[in-house]
Amino acid sequence: MPLLQLLDLSHSVGGPPLLDHIGLTIEAGERVCIVGRNGAGKSTLLRIIAGEIVPDEGERRLGAGVRVARLAQEVPQSTAGSIFDVITAGLGDLGHWLARYHALLPRIEEPAIADEISDLQERIESAQGWDLEQRVEAVLSRLGLDGEAQFAALSGGMKRRVLLGQALVSAPDILLLDEPTNHLDIDSIDWLEEMLKSLQTGLVFITHDRRFLRALATRIVEIDRGQLSSWPGNFDNYLRRREERLHAEAQAAAHFDRKLAEEEVWIRQGIKARRTRNEGRVRALKAMRSERQQRRELQGQVNIQMASAAPSGKRVAEAKRVTHGYAGRTLLQDFSINIQRGDRIGLVGPNGVGKTTLIRLLLGESKPDSGEIELGTQLQVAYFDQHRLSLREDWNALENVAEGREYIELDGRRKHALGYLQDFLFTPERARAPITMLSGGERNRLLLAKLFAQPSNLLVMDEPTNDLDVETLELLEEKLGEYPGTLILVSHDREFLDNVVTSCLVFEGEGLVREHVGGYSDWLAARGVRGVAGLEAMAQTASPAAVASGAAGNAGAQPASEPAPRKKLGYKEQRELEQLPLRIEQLEAGIADCGLRMADPAFYQQPADTITAAGAELARLQAELEQAYARWAELDG
């Protein structure tokens, strides 16, 4: 008996239907990956399966007693409380009772509190809730989470782990995951991969990470021009058979178009030559015209063009015995490297270990605590930042790329800015829309368009693969392979690293950074690291507690001494630390509110001063949020 069926289902969000009379069946134990181009309707399909969207037509048929849980693509801004509170929220009212019971338990000596605790106990017992509490504890243990920790104080990757726990605690029969690897580092991706393999639940997921897809999927479901096609087996089998299908489709379309052209010639000549016509043939021609008009063409490929600059000097950057730290942590210890023109270097390590800090040092944006960094000559740098901060929220896509120009210069050739954006699949209407209305994939394409319009001989890319569809990802790999300059890449996409870089700088903890020849897989083979255990070890050595005191540097690591004892906080500092999670939560809520206001098309009909003031307010809130996180790391370190 299938867990879920979608029968003759259609849904549109303006324009052609995203889903056009499709059918889908999910069986127990399947791991189904949904693939398709950005904007094809993958997230919409997941929300229909979850019951969050009612389709325009058709039926969603859920098996008796089947439970569905979904992990969204983005962390909800309203989520707050302890990890225990957030996870139990997946249990509905009973979860709220359990969370309230645990929050009040330390105050049981107060008479009024004792009465409320007693009332909660009765409710939980009547609903047989203590068994579910054991399930919550099991989920916390399995995911390696501290139930007492505050959700607001967690990194983006850890927040997604907590939300996964919220989905798992309801013991779903179908688990829906939308881009679960976004913002996770490599060790977290490996952990998630192994954990999902061990689940007995049905799994439906969307991902751009091809290695993650290959490891998990037992079936591929493709959305293409409103239609669903199912491909049993692995991803490579799907790619091969899809190429065969597209080739056959192209041949059939060409044959149809030739036949239509012949019939059009016949109808014109026939009118002149005869008074009577073959009405059956005329009706057939009308049907062919209608069929041709309704054909939905395959979405074009992104046409990536990169503006090149004159070559840099042979030496791009040289670091000599650099040591640098932040908030009591040693990120680099006695680090040296000589980056030459044409090098393609990947930076590998857990989140927060110092990859972005190293980039800022190598670009001269920060000064090391000790040692020296010398930059080469004739450098022209293009920088892709993972937070997309170089995109102005108060400008549309065209303004962000053109910056007041009508034409883009690409290697001596002028191209109209709108035409250039069309190469990145932006229609003129979409190019003039506020960027707050763009999807994550569209924003990434826009940032690539902005980046590649700048002449450069040093390309620095920090997490460029998030939200890109597989076709665009593969084209980006190809173009980076042709790039004549120097490339520094931060990515948690293991296959992307393997296909692009020629050496890796691996952050091994305690300030130790080593260079390894080859891609990510080459580093694993050289280290003999297999599976999650080795990666977890790397993550532990790179944790905030692993302060490098007495490390001997990159030339040869000596056993590290015991971590320095945590600094005792004064009363005011302790109070500040306790209040910071709430302050961070308020700032994040303010940023979300600004984003919602600026996403309204009517917002840009206001006076220019109002729009500018809103943009300045958003920038101020983002700066305060960064300062709050830095202060929290300093006090809690």
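This is a predicted model: local features need pLDDT of at least 70, side-chain atom pairs count only at pLDDT 80 or more; totals for chains, interfaces and linings use all residues.
Before you click: residues count from 1 along each chain as its sequence is written, and side-chain values use heavy atoms, without hydrogens or water. Local features need pLDDT of at least 70, side-chain atom pairs count only at pLDDT 80 or more, and totals for chains, interfaces and linings use all residues.

**Stop one: a helix pair.** Select α3 (residues 93-104) and α5 (residues 129-143); helices here are DSSP runs of H or I, at least four residues, and strands are runs of E, at least two, numbered from the N terminus. Their axes come within 11 Å and cross at roughly 75°, so α3 and α5 are roughly perpendicular (65 to 115 degrees). Axes are lines fitted to C-alpha atoms, for helices over the stretch in contact, with angles from 0 to 180 degrees between N-to-C directions. Show Leu 94, Leu 98, Tyr 101 and His 102 of α3, which meet Gly 129, Trp 130, Leu 132 and Glu 133 of α5 (contact means heavy atoms within 4.5 Å).

**Stop two: a sheet.** Next, colour the open, antiparallel sheet of 3 strands, ordered β11-β10-β13; two strands pair if DSSP finds at least two bridges between them. β11 (329-340) and β13 (370-375) are the edges, each with a single partner strand, so one side of each has no neighbour in the sheet. On β10 (residues 315-326), which pairs with β13 over 5 bridges, find Ala 317 opposite Leu 375 in β13.

**Stop three: Val 401.** Jump to helix α12 (residues 397-402), where Val 401 lies. At 2% relative accessibility, Val 401 is buried (under 20% relative accessible area, 1.4 Å probe, protein chains only). Beyond four places in sequence, Val 401 touches residues including Ile 408, Tyr 420 and Leu 446.

Conventions: Buried means under 20% relative accessible area, exposed over 50%, partly exposed in between (1.4 Å probe, protein chains only). Angles under 35 degrees count as roughly parallel, over 145 as roughly antiparallel, 65 to 115 as roughly perpendicular and the rest as oblique.
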